[in-house]
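Keep the viewer open as you go.

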Amino acid sequence: EATGSDVALISLGTWISGNGLDQNNDGVSGKLYTKDITIDDLSTIIPTGWSRTIQTVRLTGKQIQDLYKEGYDAVGTGKNYPYMLVNPEDMELEDGKTYQVAISGISEKLASETEVTDSGIVGIDAAKEFFGKFKTLSEADAEWK
């Protein structure tokens with residue numbers, strides 16, 4: 001939302017056996033629980049952590065769907081981390097249409113095929129602005145707007 005992107009592909013930082021100690025540092029590995037949300041909580045659920053900025057790419061609907069199915073090969077082992085596709089609920093991706101995609105987890109292969117743009121927007125700042133709009137937070141509150 002902060003970058004004006006149409007959709008987001010967010011890699012998940014789950015542990016994958018066989019990838020050694022070099023796991024996915026670009027993924028989301030935290031969860032939110034029913035409680036007051038602190039800035040420390042936010043830093044675990046956004047892929048940019050405390051200080052990195054949001055990256056975007058332009059991809060076709062087909063490329064987005066293919067990446068969603070394939071996942072993110074963070075360490076070059078072929079054991080890929082899943083992507084979570086975040087898009088407005090009523091939006092159908094068209095194969096031939098090009099979309100701006102906020103992305104965490106950009107493989108060397110993908111970076112060689114498309115231009116990666118640094119939005120200049122620090123992820124934690126965008127998260128604080130977004131979550132700061134709510135007194136309480138529920139699934140219904142967090143719909144993509």
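Thr44 is partly exposed because its relative accessible area is 37%, and the cut-offs are under 20% for buried, over 50% for exposed and partly exposed in between (1.4 Å probe, protein chains only). You'll find Thr44 in helix α1; helices (H or I, at least four residues) and strands (E, at least two) are DSSP runs, numbered from the N terminus. Setting aside residues up to four places away in sequence, Thr44 touches Val28, Ser29 and Gly30, where contact means heavy atoms within 4.5 Å. Ser29 is 15 residues from Thr44 in sequence, yet their C-alpha atoms are 6.5 Å apart.

A word on ground rules: this is a predicted model, with local features needing pLDDT of at least 70 and side-chain atom pairs counting only at pLDDT 80 or more, while totals for chains, interfaces and linings use all residues. Residues are numbered from 1 along each chain as its sequence is written, and side-chain values use heavy atoms, with hydrogens and water left out.

Next, Gln23. It sits in the loop between β1 and α1 (39-45) and counts as buried because its relative accessibility is 12%. Leaving out neighbours within four places in sequence, Gln23 is in contact with Thr14, Trp15, Ile16, Val75 and Tyr81.

| Partner of the Gln23 side chain | Distance |
|---|---|
| Tyr81, side chain | 2.6 Å |

Now the sheet. It's open, with five strands in the order β3-β1-β4-β2-β5 and mixed pairing; two strands pair if DSSP finds at least two bridges between them. At the edges are β3 (83-86) and β5 (117-122), each pairing on one side only. Strand β2 (residues 53-60) runs antiparallel to β4 (residues 98-104), over six bridges, and Gln55 has Ile103 in β4 as its bridge partner.

Two helices go with these strands. Helix α2 (residues 61-70) lies across β1 (7-11), β2, β3 and β4, at about 120 degrees to β2; axes are lines fitted to C-alpha atoms, for helices over the stretch in contact, with angles from 0 to 180 degrees between N-to-C directions. Helix α4 (residues 123-131) packs on the sheet too, touching β2 and β5, and its direction makes about 55 degrees with that of β5.

Technical notes: A polar contact is a pair of N or O atoms within 3.5 Å; within protein, one must be able to donate a hydrogen and the other to accept it, and residues adjacent in sequence count only if both atoms are side-chain atoms.
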